[in-house]
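Open the model in your viewer and keep the selection tool ready.

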Amino acid sequence: FTKFLDISLSADQFAEVKRFLNKFVGIAWPFFIIVSLFIVWVSGAWLTEVFISDDRRDWGKIVRYLDWASEACPYVGLLTTFFTFLRALLVYSDAGPGNPETQAAFIKQFAIAFGSSITGGILALAAFTLAALVTGGRR
């Protein structure tokens, strides 16, 4: 079981992950990684409380952070979307419509915009659902 949890990344692997996130999520990837790690931690704590531990945790602050994440993630995704659309328009206006490099850069910016919006929505849904699970549906 401990071998399963032994996850290590070399500098090259981390750089590859960072390139992937920059390519498909854009400048908001550090925020989304932090929120994702928090959601994973809360999920583990909740599962531990439900299935293993007899102690009950005070979920008050954690639920507030989950509420914040469910509110903030879509906005961060939306801001990143607007930012990448602006960058796409700037690239398009600089090079002109007939240039193939312009079209490739334009499409790349759209991929970032959609990736960031989708990531924000999925994380918001996960945070909202987890907050409901942790509180037993009571708010």
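A residue counts as buried when its relative accessible area is under 20%. Keep that cut-off in mind as you tour this predicted model.

**Stop 1: Thr 81.** Select Thr 81, in helix α4, which runs over residues 60-95. Is Thr 81 buried or exposed? Its relative accessibility is 7%, so Thr 81 is buried. The side chains of Thr 81 and Ser 117 make a polar contact of 2.5 Å. Beyond its neighbours within four places in sequence, Thr 81 is in contact with Ala 113 and Ser 117.

**Stop 2: the nonpolar core.** In soluble globular proteins, nonpolar side chains tend to be buried together. Here the largest nonpolar core has 22 residues. Select Ile 39, Val 42, Trp 59, Leu 66 and Val 134, the members that touch the most others. Which elements give two or more residues to this core? They are α3 (29-51), α4 and α5 (100-135). Color α3 to see the largest share, 7 residues.

Stay with Val 134 for a moment. Leave out residues up to four places away in sequence, and Val 134 touches Val 42, Trp 46, Trp 59 and Val 63.

**Stop 3: along α5.** Step past the end of α5 to Gly 136, where phi is positive, near 70°.

**Stop 4: salt bridges.** How many salt bridges are there? The count is 2.

For one of them, select Arg 19 and Glu 16. Their closest N and O atoms are 2.7 Å apart. Both residues belong to helix α2 (residues 11-24), and because they are 3 residues apart, about one helical turn separates them. An α-helix has 3.6 residues a turn, so residues three or four places apart point the same way. Arg 19 is partly exposed, at 49% relative accessibility. Glu 16 is partly exposed as well, at 45%.

Next, select Glu 49 and Arg 56. Their side chains meet in a salt bridge of 3.9 Å, N to O. Now compare the two partners. Glu 49 has 12% relative accessibility and counts as buried. Arg 56 has 59% and counts as exposed.

Methods:
Residues are numbered from 1 along each chain as its sequence is written. This is a predicted model: local features need pLDDT of at least 70, side-chain atom pairs count only at pLDDT 80 or more; totals for chains, interfaces and linings use all residues. Side-chain values use heavy atoms; hydrogens and water are left out. Helices (H or I, at least four residues) and strands (E, at least two) are DSSP runs, numbered from the N terminus. Buried means under 20% relative accessible area, exposed over 50%, partly exposed in between (1.4 Å probe, protein chains only). A polar contact is a pair of N or O atoms within 3.5 Å; within protein, one must be able to donate a hydrogen and the other to accept it, and residues adjacent in sequence count only if both atoms are side-chain atoms. Contact means heavy atoms within 4.5 Å. A nonpolar core is a set of buried Ala, Val, Leu, Ile, Met, Phe, Trp, Tyr and Cys residues joined through side-chain atoms within 4.5 Å. A salt bridge is a side-chain nitrogen of Lys or Arg within 4 Å of a carboxyl oxygen of Asp or Glu.
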